[in-house]
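I opened this entry to record what I looked up in the structure, in the order in which I took the topics.

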Amino acid sequence: MYTGLLNFTILCVFGLAGLVATAEAPDIFKAGTVPVVTTLPFRAPGSASDQQVGELIREQLQTAHAGKPNIRRDAQHQLVADFYSVNGLVRATLLEGEGQLQVETRRNSIWRFFDNAHATTIQETASDWAPGAWAWYIELSIWSLMLMALTGVWLGLTTRWPFWWTKASVVVGTVGFAIFYWVQK
Amino acid sequence: MIFRFLRHMHLILGLLLFWVVMMYAVSAVQMAHRIRIVPVVTESDVMATPGLDARPLANELMEKNGISGEMGNVTPVSGGYRFPLNRAGGATQITYDRSTGKTHLRASDTGFWGVLNRLHHFHGLHNQTGVRNLWGWTVLFASLGLFALGGTGIFMWFKLYKERTIGLVLLGANLVVSVGLLIALRM
């Protein structure tokens, strides 16, 4: 009960994430929302590698809750740095000839936000405190969820075993999952 | 009366969803701690009917060679094409020569951890196979079940007068910290 009360919110977040996945809520590219595009002056040092330029862009943009950027070159050979965070994507394209950085911000829906939040783990590379703290809360919650499930089943089985619906629930739950496991395997 | 009903519902839901919840929790640990899944790969060649398109070929291989899975994207290669058949515990990459019917099978098996990991990610009600859709319904049931378990749990705790004070402290701490963090994350 105590672990349940301590993890009530995360239980709701996990439940919401399941509903979002089931409903296949559109992601940032399919949602149809127009990205916010801005340009900033930016000059890449002549001797810097793409990775180093990506780091400089990261320092300049200070994108909230984002980790290290994914660096690549697009079809026009322009350097693109993608900053993914729980809130969506910030894509910076270096317009080297013009000395500018084009920044495209795609903010996700609240539903996709919850989906991303449930998948934030302690491997998160974001440098600010909020994703780190949330990731540790998720870590605690994962172990709590296991503890809750195990103690809940133990309590249920030891106190309610004589009831037919207890036995039926155990059989349906166990056999059902076993069938899924074998069929999907 | 209501208390009894909710207590029974809480227990029935908990027992029904126990293995599903454990699957999510254990696979979450695997992902959060990056426990490496090393696939076991086996390769073989078989002869199939020449000149087939990908879907009839997949059906023939499933019937005659006992492989299974959901078809992935078909990619043209010199003289034929290739595509994967994906299942929770691995995948079979099929490379087919259209003129001769020679088919190369590259099967990778990811074992117990792999199955749990894939089950964690499978979702939706519009998949190619009925089994996958049934799993999608299970995910939906489990998601709603989590809300119901939380809600009935809160109700039952509130009815235990002796536990109200400590419960309020725990629930309050949970709400302040987690909602605060969610707001900070969304800003």
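**Domains, sheet and contact**

I started with chain B, which is divided into domain 1, covering 2-34 + 122-186, and domain 2, covering 40-109. This is a predicted model. I then looked up the separation of the two parts: the C-alpha centres of domain 1 of chain B and domain 2 of chain B lie 40 Å apart.

Next I turned to the sheet in chain A. I noted an open sheet of 5 strands, in the order β1-β5-β4-β3-β2 (chain A), with antiparallel pairing. Which strands are at the edges? I found β1 (36-41) and β2 (70-73) of chain A there, each pairing on one side only. From one strand to the next, the twist averages 20°.

β2(A) is joined by 4 bridges to strand β3 (residues 79-85) of chain A, and the two run antiparallel. For A:R73, I looked up the bridge partner in β3(A) and found A:L79.

My last topic was the contact between the chains. I recorded 53 residues from chain A and 50 residues from chain B in the contact. On the side of chain A that touches chain B, at least two residues each come from α1 (2-6), α2 (8-23), α4 (110-118), α5 (129-160) and α6 (164-184) of chain A. Which of these supplies the largest share? I found that α5(A) does, with 14 residues. I also noted the make-up of the side of chain A that touches chain B: 32 nonpolar, 17 polar and 4 charged residues.

Note on methods:
Residues are numbered from 1 along each chain as its sequence is written. Chains are lettered from A and ligands numbered from 1 in the order in which they are written. This is a predicted model: local features need pLDDT of at least 70, side-chain atom pairs count only at pLDDT 80 or more; totals for chains, interfaces and linings use all residues. Domain bounds come from an automatic or database domain assignment. Two strands pair if DSSP finds at least two bridges between them. Axes are lines fitted to C-alpha atoms, for helices over the stretch in contact, and angles run from 0 to 180 degrees between N-to-C directions. Two residues are in contact if their C-beta atoms, placed from the backbone, lie within 7 Å. Ala, Val, Leu, Ile, Met, Phe, Trp, Tyr, Cys and Pro count as nonpolar, Asp, Glu, Lys and Arg as charged, and the others, Gly among them, as polar.
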